[in-house]
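Open the model in your viewer and keep the selection tool ready. We will go stop by stop.

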Amino acid sequence: MNDVAALQDSTARAFRAQFDADPDGLWFAPGRVNVIGEHTDYNDGFVLPIALPLGTVAAVRRRDDRRLVVHSSEADETREVELGDVAPGSKLDWLAYVAGVGWAAGEQGLDVPGLDIALAADLPQGAGLSSSASLSCVTARAWSDIAGWDLSGDDVAALGRAAENEIAGAPTGVMDQLASVHGRAGHAMRIDTRSIDVTQIPFDLSAHGLSLLVVDSRAPHALVDGEYAERRTSCREAALMLGVPALRDVPLEGLDETLGRMRSELLRRRARHVITDSARVEQVCTLLTDGGDIRRVGPLLSASHASMRDDFEITVPQVDVLQESLVAAGALGARMTGGGFGGCVIALAEAGSEEELVAAARRAAAEHDFAEPAGFVAVAADGAHRLR
Ligand code: GAF
């Protein structure tokens, strides 16, 4: 039995135990790994995520009233809220990612029925793998199907994002929700975050004798919210200083000279990260599609990590140690993935070398008294969908 099938059965059982009835249906939405292009999405730049086979399953039944009753296996609790009481500023904790979807749909003039929901997830939370987008997007997909809203994938992602931004108060960009919705098995998504164009790029590393190893540092996220918002502000200021609508609009050609004209050394580094990482997305996409040597993606991953560490300053010692140890142990390249300040490192690995790499990462973490990292091989999977 695969992961989603096992999670599906346990979620259906949890629904029956909680509501003493069968759900109308079950839905799944995945988390993601971003291959490259970090903090570029709120600068109108490019990103390259894959959807994971791990995520959140929701068993859902329509109610006749406007109440939302949600059981979460992770939180080990059941919470209730009247949909009319949900608004920006509501203190809902994890329920915000669910209830916020109903609020966002109501704001769009959609007729929003109450729901009974049981949730279960198999994605580590706070590891930079978008467990929150998998929660908001599974809710949006299920609500849309049950209420007959007939929404496109982009609309489902937009509802999920509105829930996170407006009700949960997490100022995310567009990447995670689009990845959770548009994922396709065997493909990475090149997303132009200005036009919201999603291009599916073949991403079957095993066909090249390679794999994408994910190593979770288990480093607790400290100060994430404030730091993320600070980076967004810095990027806006940098764009303003450079006289462009967004950092996406700064050409790579002549970059040193362009940045040299900036008065703030800090903003110069922030801008350099965003502009070069967005360009690295394009370089990786070319390597993935032109039939050339995919191993050359490795150094671009490591360059991205150096840029996040030195220019954007969003790494922490735990992930830097893992990144270095993975490269020293033979990975073709490695970088932190996700918003930063902890979370996971991904490595481009020769197939068969994964165990050795994880062992090296564990040894390095132990030498520094860091938490023991956990590793798994990521494959690109499908986005949000109805299971039954
Ligand atoms: C978090 C955000 F939610 C994304 O929108 C993106 O900005 C990412 O950090 C950094 O690339 O996951």
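This is a predicted model: local features need pLDDT of at least 70, side-chain atom pairs count only at pLDDT 80 or more; totals for chains, interfaces and linings use all residues.

Residues are numbered from 1 along each chain as its sequence is written.

**Helix α1.** Select residues 3-19, helix α1. Helices here are DSSP runs of H or I with at least four residues, strands are E runs of at least two, and both are numbered from the N terminus. Now pick Val4, Leu7, Gln8, Thr11, Ala12 and Phe15, the buried residues of α1. Buried means 20 or more other C-beta atoms within 10 Å of a residue's own, exposed means 12 or fewer, and partly exposed is in between, with C-beta atoms placed from the backbone. Look down the axis: the buried residues fall within an arc of 135 degrees, so they line one face of α1. That arc is taken from the directions from the helix axis to the C-beta atoms. Exposed Ala5 and Ala17 sit on the face turned away from the buried side. Next comes Asp20, which follows α1 with a positive phi near 55 degrees.

Select 333-337, strand β10: 5 of its 5 residues are buried, so the rest of the structure largely encloses β10. Strands pair if DSSP finds at least two bridges between them. Find Arg335 and its bridge partner in β11, Ile346. Between the strands lie 6 residues, and Gly338 in this hairpin has a positive phi near 95 degrees.

Definitions and conventions:
The expected span of a helix is 1.5 Å times one less than its number of residues.
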